[in-house]
Amino acid sequence: LFLRSAAAELPSAPVEVSVCADSLEVRSGGSCDAAALPAGVRLAPSSCRGLRRLRGEGLHLRVRLRRPPPAADVVFTLRESLKPNKNYIFYCQSCGDVVVEDRKFLRILPLPSENWSDLVEEWCCHPNPFARSTWHPQHGDCFVGDTFFLLNSINESHKSKENTRVICKRCKTMLGETVSSGTIKYYVTEVIIQSAEGSFSPTPRSQFVQSIVAQCLLELSSAKSTFRFTIKGDNGKTYILIWLLNSDTLLVESLGSSSSRSDFTLFGDILTPTSGPVGTWNAVKVLYQPCIQCRNKELADAWEDDMGVHPLKFPSETCLELLLILGLSTTSLPPSLRYMNSFQVRNSFC
């Protein structure tokens, strides 16, 4: 816990810290700053330790908290957003333009991970029997990968050559790519899928990107016990190395403390708290290393050859957006908490 307040920042004034089960107060002179907690979250005052004041950072302390246990299954999978025999519309996440008209999916099938072919090479003592195998969804099919949806595009108005970008007609954002003459891959970070009975509900870009990426990390870590990931662009370049630390982080912000909220957002997006006078967000905590401009090349090469590292592919522009989001979150932390060994620390909203 770190506190940013006028009382905490004064270099010489005596400070009194009071820890109660439902709040924490900092007094100095005639001022008093209180940090309220969301409903259901309680502090254990007897566990308070490590109280110190760092110049330019405020007060730091460690205290145990108690909160209601989460539901048994809290991992949301991307394929759960689609149900068979229901009509859906795909929208461009950036501008809301309709990408895929009213479409009913009879089958929604998961695809193997993108590095499945490499794993087969490790398992088989003979040449890979699936080396030339491809999957082509029919019109009523939706194939779900780690970071994309695979759809049949024979009846779509736009037809592109294989391995070409699919661009939004309105805002020119890259939405996906063609993988064959009749199949299009739409990235999960670029489209919003909603029931045909509803209407388009916009989501701030940075909030959407970090939420979707967090869901990908949670799903893969739960299903495959994988905790290290490489974020790759559609150009094949590695942009970020990510190490998932935990998925049970709770971010709390008291009403009136708006200085940190803008640090967690990008391009003017506003993250809305759940409810009440205290903003709370579930988050995953990650360590990361940027790999642009040949940074951390040796480590990136080592992770590339490690079978325990899972690759995630997104449009290159989205990889840069994600790197900016990570950097802004890191700078919102006090300098002494921004690094763990050589990795930078980041809390990403779920």
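Which residue takes a positive phi in the hairpin of S9 and S10? Gly-96 does, with a phi near 85°, and the hairpin has five residues between its strands. Strands here are DSSP runs of E with at least two residues, helices are runs of H or I with at least four, and both are numbered from the N terminus.

Before going further, a word on the model. It is a predicted one, in which local features need pLDDT of at least 70 and side-chain atom pairs count only at pLDDT 80 or more, while totals for chains, interfaces and linings use all residues. Residues are numbered from 1 along each chain as its sequence is written, and side-chain values use heavy atoms, leaving out hydrogens and water.

Two strands count as paired if DSSP finds at least two bridges between them. S9 and S10 pair in the antiparallel sense over four bridges, and Phe-90 stands opposite Val-100 in S10. Together they form an open sheet of three strands in the order S10-S9-S17. Strand S10 (98-104) and strand S17 (191-195) stand at the edges with a single partner each, so one side of each has no neighbour in the sheet.

Not counting residues up to four places away in sequence, Phe-90 touches a set of residues including Val-100, Phe-105, Phe-149 and Ile-192, where contact means heavy atoms within 4.5 Å. In the largest nonpolar core, which has 46 residues, Phe-90, Phe-149, Tyr-186 and Ile-240 touch the most other members. Such a core is a set of buried Ala, Val, Leu, Ile, Met, Phe, Trp, Tyr and Cys residues joined through side-chain atoms within 4.5 Å. Buried means under 20% relative accessible area, exposed over 50%, and partly exposed in between, with a 1.4 Å probe and protein chains only. Helix H3 (residues 205-224) gives the most to this core, with nine residues.

Now look along H3 for Ala-214. Ala-214 is buried, with a relative accessible area of 1%.

We finish at helix H5 (residues 316-331), whose 16 residues should span 22 Å at 1.5 Å a residue; its end C-alpha atoms are 23 Å apart, which agrees. The expected span is 1.5 Å times one less than the number of residues. Among the buried residues of H5 are Cys-319, Leu-322 and Ile-325.
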